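Trainee: I would like to go through this model with you. I will ask where each label comes from.
Mentor: Good. Here it is.

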Amino acid sequence: MMVAGGGETSVLETWVTIVTVAATAVAGDVLTAGAMRRIGDLDVIRAKAGMGGAIKAVVSSPMFLGGVLMMAVSFFALLFTVSNVEVSLAAPASASLTFMGNAFAAKIFLKENVDHRRWLAAVFVCAGVFLLSR
Amino acid sequence: MRHTLSPQRYLILLAVMLTASVGDTMLSHGMKQVGPVSVTHLGLLLVAMRNPWVIAGILCLLGFFASYLTALSWADLTFVLPATAFGYVVVLLLSKFWLHEPGASSMYRWAGVVLIVCGVGFVANGPSQTQHEPVDPVEEPIRILTGGSE
């Protein structure tokens, strides 16, 4: 596996870092989405309470702060990954794995209606990730 | 489920897509200048925070976060993420023509990106938000126990 810095990274190391980025991103996304659902439409809040009111509504949510913490972990994992793996592999692969993990997590934890259309999208993304790793 | 996106909301999704892909590419460019980070030298990540490309990438990703939160307040997570997947194509184009990464020319990766974009097209064209019915504390347990449909 070619690396950004000119050294070598094994296939296992490459995918461990990519999966770590994805797993922490899924946790962050689900917590953040759950918080935003509880808070409500930001456009409406901004119209009523202004930008300050909207920001206050968001940052005072413990669930949102938990999501941000997980996203911060994911961000540093991404920095670590893109310094060792080509971004054209790392960015789409971690994002695609995040998308698939989110489909499952959103159905289980957020009770979203993940219909056949969204599952079909997951299959296409799976195939796309397989090709990206070639 | 409902699908009520105004042109302004499509612009928010466009902002999510562009800021994420451009931000990721800037981070990659900056981290190449910083050098590879190993587990034993994680302090180098703090050094990276002084790199202009890393700073610009972080600013782009802050813009991404603001537009992403706005989108999540009126759409499902499983709608917002795939609806913005065209960003993968942007990343591949930037990797090939700006960063000149050799792997970005691989036909497999282009085919993979095409499949991902096709897949997410199914989602982007569908409903944006699940309607959660208020649960009746008396009727709901009876419905579950009797196996009744909604």
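Trainee: What pattern does chain B follow, read along the sequence?
Mentor: This is a predicted model. Along the sequence, chain B runs α-α-α-α-α-α-α. In secondary structure, chain B has 7 helices and 0 strands.

Trainee: Why are H1(A) and H3(A) called roughly antiparallel?
Mentor: Start with the angle. Helix H1 (residues 11-39) of chain A packs against helix H3 (residues 62-82) of chain A at about 160 degrees. The cut-off for roughly antiparallel is over 145 degrees. The angle of about 160 degrees passes it, so H1(A) is roughly antiparallel to H3(A).

Trainee: What else describes the packing of H1(A) and H3(A)?
Mentor: Their axes are 7 Å apart. The crossing of H1(A) past H3(A) is left-handed.

Trainee: Which residues make the contact between H1(A) and H3(A)?
Mentor: From H1(A), they include Thr17(A), Val21(A), Gly28(A) and Leu31(A). From H3(A), they include Phe64(A), Gly67(A), Met70(A) and Ala77(A).

Trainee: How many residues of each class does the contact of H1(A) with H3(A) have?
Mentor: It has 14 nonpolar, 10 polar and no charged residues.

Trainee: How many residues does each chain bring to the contact between chain A and chain B?
Mentor: Chain B brings 47 residues and chain A brings 50. Among the helices of chain B that each supply at least two residues are H1 (7-34) and H3 (52-72). H6(B) gives the most, with 12 residues.

Trainee: What classes make up the side of chain B that touches chain A?
Mentor: That side has 29 nonpolar, 13 polar and 5 charged residues.

Trainee: What share of chain B counts as buried?
Mentor: Of its 150 residues, 43%. The test is 20 or more other C-beta atoms within 10 Å of a residue's own.

Trainee: What does chain B average overall?
Mentor: A pLDDT of 77, with 79% of the residues scoring at least 70. For the model, ipTM is 0.71 and pTM is 0.69.

How values were computed. Residues are numbered from 1 along each chain as its sequence is written. Chains are lettered from A and ligands numbered from 1 in the order in which they are written. This is a predicted model: local features need pLDDT of at least 70, side-chain atom pairs count only at pLDDT 80 or more; totals for chains, interfaces and linings use all residues. Axes are lines fitted to C-alpha atoms, for helices over the stretch in contact, and angles run from 0 to 180 degrees between N-to-C directions. Helices (H or I, at least four residues) and strands (E, at least two) are DSSP runs, numbered from the N terminus. Angles under 35 degrees count as roughly parallel, over 145 as roughly antiparallel, 65 to 115 as roughly perpendicular and the rest as oblique. A crossing is left-handed if the near helix is turned anticlockwise from the far one by less than a right angle, and right-handed if clockwise. Two residues are in contact if their C-beta atoms, placed from the backbone, lie within 7 Å. Ala, Val, Leu, Ile, Met, Phe, Trp, Tyr, Cys and Pro count as nonpolar, Asp, Glu, Lys and Arg as charged, and the others, Gly among them, as polar. pLDDT is the predictor's confidence in each residue, from 0 to 100. A residue is buried if 20 or more other C-beta atoms lie within 10 Å of its own, exposed if 12 or fewer, and partly exposed in between; C-beta atoms are placed from the backbone.
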